[in-house]
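Reader: I'm new to reading protein models, and I'd like a close look at one single part and at what lies around it. Please take me through it step by step.

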Amino acid sequence: MRTLDNLKIPVIQGGMGVGISMGGLAGAVAKEGGMGVISTAGIGFREKDFWENSQAADRRALEKEIRKAREISGGRGLIAINAMVATTSFEEMVPFACELGIDAVISGAGLPLHLPELVKDYQVMIAPVVSSGRAAKTLLRMWKQRHGRAADFIVVEGSLAGGHLGFSREEAEEGKAQPLMEIVEEVVQEANLAAEEGYKIPVFAAGGIFDGADIRKALQAGAFGVQIGTRFIVTEECDATQEFKNVILRASHEDVRILRSPVGMPGRGLATPLVEKASEERVPPRRCIQCIKTCDPGRTPYCISRALIQAYYGNYEEGLFFCGDNVGRVSEMTTVAALMEEFAREWRKN
């Protein structure tokens, strides 16, 4: 089994769906010695039969993207998937990715209490995404009691992250959430208590990590590494269309909103016309693939799959553009190699 020792620099590229972080971006990050992450959310959206047979389409696409990432990486770094607990395909896609030889499974949007059971037949690293010390303590205890398994690493996501958040709307919107580095310190403590003698569970800080100053704060808080999402969107290798990237490049901090999501969790993204409309009235789905376990197509504020797909193609009017709180600081295109070199340079200063 490949381990975190295969990382040249302990940076995880955040999983971003639909279609934003796939084989191209994940492979490029791994090639530079990081952990490239493929998001499984709606990954088969470009397959012809996606709306009629989404599970089969997602499986075909996942296999293509993992193979693509492996070819690009040249065996360097690590390739992982990000699988959301809230998706109906979670229990299917995780073991399927393991069959395809993925190095790690990162899972959030709900506590992945049964993740060890899904990977029990495979040599693969598993990591939960948590937003509090209490969540880390609960999950680590349950994994040990029910499955005899520890986490191989933990991603601690703060309230400044893009996409779905493990905080209340009020906490995220009004800045009342516990600061990320305080949460990191708590999770590091819980990880140390839960770890077997002679073994440490590495913790990665995520949500608002932008530059070397943030990296230093994370290390001082006891983190092993960091996870970064939004900055990778504006790389040449990112799988998003240039139209999507242009929306991100034009965005300012004032464009960011805490929005309603059919997943049932608050999320951070841009205030597009769809987001503004959905805050006042429903935008009924045109069709439903039952992608989210908790989504009721008769009551959902809008179809998240369609909104994310429209965003991928750069449709600002009808798209949902998830992004982190620091999106306004992203101002120009770059490459994965340049970005990873920047992070590595900052790392060496510590």
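How many of the nine residues of helix 1 are buried?

Author: Eight of the nine residues in helix 1 are buried, which leaves this helix mostly covered. Buried stands for under 20% relative accessible area, with over 50% called exposed and the range in between partly exposed (1.4 Å probe, protein chains only). A word on the background: this is a predicted model, in which local features need pLDDT of at least 70 and side-chain atom pairs count only at pLDDT 80 or more, while totals for chains, interfaces and linings use all residues. Residues are numbered from 1 along each chain as its sequence is written, and side-chain values use heavy atoms, leaving out hydrogens and water.

Let's find the helix itself. Helix 1 covers residues 23–31; helices here are DSSP runs of H or I with at least four residues, strands are runs of E with at least two, and both are numbered from the N terminus. The buried residues are G23, G24, L25, A26, G27, A28, V29 and A30. After helix 1 comes G33, which has a positive phi near 95°.

What covers these residues? They pack against strand 1 (11–13), strand 2 (35–39) and strand 3 (78–84), and also against helix 2, helix 9 and helix 13.

Take helix 2 to begin with. Two packed helices are described by the angle between their axes and the distance between the axes. Helix 1 and helix 2 (residues 54–73) meet at an angle of about 30°, and their axes are 7 Å apart. Such axes are lines fitted to C-alpha atoms, for helices over the stretch in contact, with angles from 0 to 180 degrees between N-to-C directions. The two helices are therefore roughly parallel to each other: angles under 35 degrees get that name, those over 145 are roughly antiparallel, 65 to 115 is roughly perpendicular and the rest are oblique. On the helix 1 side, the contact is made by G23, G24, A26, G27, A28, A30 and K31, and on the helix 2 side by E65, K68, A69, I72 and S73. Contact here means heavy atoms within 4.5 Å. Sorted by class, five of these residues are nonpolar, four polar and three charged. Ala, Val, Leu, Ile, Met, Phe, Trp, Tyr, Cys and Pro count as nonpolar, Asp, Glu, Lys and Arg as charged, and the others, Gly among them, as polar.

Helix 2 also holds L62. With 0% relative accessibility, L62 is buried. Beyond its neighbours within four places in sequence, L62 touches I38, T40, I43, I81, M93, F96, A97 and L100.

Now for helix 9 and helix 13, which are also among the partners of helix 1. F232 and F343 form an aromatic pair, with ring centres 6.2 Å apart and planes at 65°, so the pair is edge-to-face. The rule is that rings of Phe, Tyr and Trp (its six-membered ring) pair if their centres lie within 6.5 Å; planes under 30 degrees apart are stacked, over 60 edge-to-face and the rest tilted. Because F232 sits in helix 9 (residues 230–233) and F343 in helix 13, the pair ties together parts that are 111 residues apart in sequence. Both F232 and F343 are buried.
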